[in-house]
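Colleague: I'm new to this one. Could you walk me through a single part of it, the aromatic rings, and take your time over it?

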Amino acid sequence: MRSVITLTTDFGPSSPYVAQMKGVMLSIFREVDIVDISHAIGPQNVQEGAIVLADATPRFPEGTIHVAVVDPGVGTSRRILYAEIGQQRYVAPDNGILSRLTHDRPPSLLIVLENRKYWLPNPSLTFHGRDIMAPVAAHLAIGVAPDDLGPRCALEHIVGLVWRQPLRSADEIVGEVLYIDTFGNLITNIERKDVQSLGNLSSLTVECGGQAIRGIVPTYDAAMPGELIALFDSQERLEIATVRGQAACALKVSTKAAVVVKQE
Amino acid sequence: MRSVITLTTDFGPSSPYVAQMKGVMLSIFREVDIVDISHAIGPQNVQEGAIVLADATPRFPEGTIHVAVVDPGVGTSRRILYAEIGQQRYVAPDNGILSRLTHDRPPSLLIVLENRKYWLPNPSLTFHGRDIMAPVAAHLAIGVAPDDLGPRCALEHIVGLVWRQPLRSADEIVGEVLYIDTFGNLITNIERKDVQSLGNLSSLTVECGGQAIRGIVPTYDAAMPGELIALFDSQERLEIATVRGQAACALKVSTKAAVVVKQE
Amino acid sequence: MRSVITLTTDFGPSSPYVAQMKGVMLSIFREVDIVDISHAIGPQNVQEGAIVLADATPRFPEGTIHVAVVDPGVGTSRRILYAEIGQQRYVAPDNGILSRLTHDRPPSLLIVLENRKYWLPNPSLTFHGRDIMAPVAAHLAIGVAPDDLGPRCALEHIVGLVWRQPLRSADEIVGEVLYIDTFGNLITNIERKDVQSLGNLSSLTVECGGQAIRGIVPTYDAAMPGELIALFDSQERLEIATVRGQAACALKVSTKAAVVVKQE
């Protein structure tokens with residue numbers, strides 16, 4: 001059975017840099033299926049990369065190798081890691097991009113990529129995705145043991161990012177916009193289970209960008225085109241959307257904007 | 001031999017939602033080749049999705065499974081269908097997205113997806129592409145019989161869209177812009193056979209957006225850069241293009257704009 | 001082992017025209033892995049396509065078939081070629097798109113595609129990528145001999161583009177911007193070996209767009225966010241970048257802008 005390798009980068013859709021990585025991997029090992037997760041991560045936006053990895057990668061078959069290249073520190077002393085988290089395997093710079101995945105549970109194995117045997121010869125200082133991460137992923141697909149890639153490191157020695165939790169009081173929750181998707185929907189850091197504890201969904205108010213939305217509805221079709229709605233997304237997070245429109249434009253907000261849920 | 005599954009969505013190029021669908025499919029069945037048709041369908045633009053499906057899917061091998069997720073009614077009572085049309089198989093919401101394909105010929109089989117055995121457990125209300133359509137497509141690739149997916153429905157009980165035909169008189173044809181491609185070329189609903197019946201191609205005039213184009217030429221290189229031309233596209237439809245430019249910008253028109261072909 | 005076919009076009013990311021080509025290839029031969037190099041080549045920008053092909057394709061396994069469709073002359077008398085260059089194989093219009101690859105070394109085989117047996121029947125005049133190049137590539141993957149595709153042509157009878165070399169004097173090099181990548185980095189036609197012969201990298205000045213950059217640094221992280229830097233890219237070319245920004249916007253320059261490197 002062929003191995004699966006996924007790619008997540010900030011190189012831009014249709015970037016030929018992605019193709020260079022694919023060429024390197026296929027030159028080392030042909031029996032892989034390469035799947036693009038996203039190449040539209042904002043340039044150097046490690047936090048966005050971390051959210052996309054956490055949402056998408058657990059959907060893949062056990063043992064899939066996920067390569068993540070959002071790497072503003074390329075060529076510096078930042079480490080590159082091999083990590084096992086849940087049933088998945090990762091190759092990524094140690095800059096926090098795995099920290100949304102490790103938020104819930106620690107990695108079960110961390111290796112620092114130091115064995116140059118599995119890199120391209122004469123790696124550049126500006127494209128470790130192609131010269132280190134792609135060839136290491138291809139060798140993992142062949143079956144190279146992770147311990148051959150370099151020394152283990154302590155599981156807590158992984159760079160983290162701050163993932164703010166919503167603040168909860170008796171009658172309200174104050175959270176923030178975590179991520180804006182391609183529909184302009186605002187995905188928040190507030191989860192369904194938190195909101196449900198506040199009371200009946202139809203009598204709650206959600207505030208963001210100076211606007212108040214009454215009630216939380218089940219589907220995008222629950223209001224007229226152009227209306228703002230609040231609902232739960234497919235990961236059980238509170239989401240603000242404009243029916244058949246772009247909530248991010250309508251509300252003129254971006255990530256980290258405050259979102260308040262309260263009982264009337 | 002591996003199965004082919006294609007994906008057509010309005011999720012935006014490089015959307016991680018697409019990757020979630022791919023992860024779900026590969027987790028159920030590894031022996032598939034997944035091909036992206038387009039993820040740049042305009043948000044909720046079922047008509048555009050229908051045209052893209054009708055243009056692209058008949059090019060694929062017999063038995064290919066095409067999954068189309070342009071689904072503004074997700075989570076509501078709209079049905080999800082499995083359809084066999086020509087030599088191809090489709091999994092899509094019943095919202096008209098198959099209606100350009102069924103315009104010429106009826107489907108040969110329609111099944112309403114109701115058997116939850118082939119869905120993900122606890123499907124969300126906001127992402128049936130991932131939770132229902134992707135797993136059903138993967139099970140079809142494994143070889144699950146369509147009749148196991150749910151009850152058959154009458155072939156005429158499929159939601160349609162209105163596909164306007166050009167109006168024809170003795171010396172002119174009045175049609176409209178059907179679709180604007182990534183080059184800014186205007187693809188019309190007027191076909192070569194209709195135009196040819198009007199007379200010699202070089203003496204016809206094509207009018208759109210207040211401009212008149214003399215003659216219909218064979219290739220994009222038949223005029224100087226910047227000039228407007230009319231020609232037949234690779235599907236034998238009348239097309240208006242700007243040589244090495246964007247006709248949609250030059251003419252300031254969008255879909256449904258009137259296009260008139262007439263004898264001088 | 002499955003064959004690899006790559007695609008490079010100016011059709012735009014997520015274009016359904018690309019999917020039509022993939023459907024044609026898979027209908028002829030299923031045992032191929034199709035890899036997208038880029039579909040974001042500027043419309044009709046043969047020079048950009050040539051650079052992307054030269055950078056990316058040598059990374060692929062020996063014998064990979066690379067199909068390049070940047071083809072403003074489609075339907076005219078321009079020829080379509082099969083070429084062997086280095087360890088790679090190419091199918092492309094004869095319009096200069098292979099000329100960056102053949103700049104260093106001549107092709108080892110050139111065939112003019114004339115044998116209609118390997119084309120789709122009734123090819124359109126506007127989409128030879130789908131009707132000629134895709135089916136020819138699929139037949140090559142099956143194992144059709146290149147000489148079956150048409151007559152050989154003399155290796156020097158390939159259309160070229162002018163690739164300007166930097167001008168070199170005792171104490172300076174005058175080159176130009178070759179390419180702007182998706183990060184807004186300016187890739188120049190000046191190579192590391194040329195620059196090194198000028199003297200110590202830290203005491204050189206790089207001028208572009210009316211700004212002077214002191215010294216050439218090793219990595220993107222060598223200055224503060226927002227600062228302009230000069231470094232060598234992963235192909236050993238001089239590159240101008242803005243740390244965590246867009247140098248092309250900051251300098252308001254485009255391709256062919258002059259770049260001067262000199263000793264203080």
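Modeller: Let's start with a word we'll need: a residue is called buried when its relative accessible area is under 20%. Keep in mind that this is a predicted model. Phe127(B) has a relative accessibility of 6%, so Phe127(B) counts as buried. Phe11(B) is buried as well, with a relative accessible area of 6%.

Now put those two together. Phe11(B) and Phe127(B) make an edge-to-face aromatic pair, 5.7 Å centre to centre and with 80° between the planes. Phe11(B) belongs to the loop between strand E1 (3-9) and helix H1 (16-28) of chain B, while Phe127(B) belongs to the loop between strand E6 (109-112) and helix H3 (128-142) of chain B, so their pairing ties together parts that are 116 residues apart in sequence.

Next, have a look at chain A. Counting over all chains, there are twelve aromatic pairs. One of them joins Phe11(A) and Tyr17(A), again edge-to-face, at 6.1 Å centre to centre with 80° between the planes. Both Phe11(A) and Tyr17(A) are buried. Ring pairs also link these two with Phe127(A) and Phe183(C) into a cluster, so if you follow the rings from chain A you end up with a residue of chain C in the group.

In chain B, the charged end of Arg100(B) sits over the ring of Trp163(B), 4.8 Å from its centre. Chain C has Arg100(C), whose charged end sits over the ring of Trp163(C), 4.8 Å from the ring's centre.

Conventions:
Residues numbered from 1 in each chain as written. Chains lettered and ligands numbered in written order. Predicted model: local features only at pLDDT ≥ 70, side-chain atom pairs only at ≥ 80, totals over all residues. Heavy atoms only, no water. Phe/Tyr/Trp six-rings, centres within 6.5 Å; stacked < 30°, edge-to-face > 60°. Buried < 20%, exposed > 50% of the residue type's maximum accessible area, 1.4 Å probe, protein only. Helix = DSSP H or I, 4+ residues; strand = E, 2+ residues; numbered from the N terminus. Lys NZ or Arg CZ within 6 Å of the ring centre and 35° of its normal.
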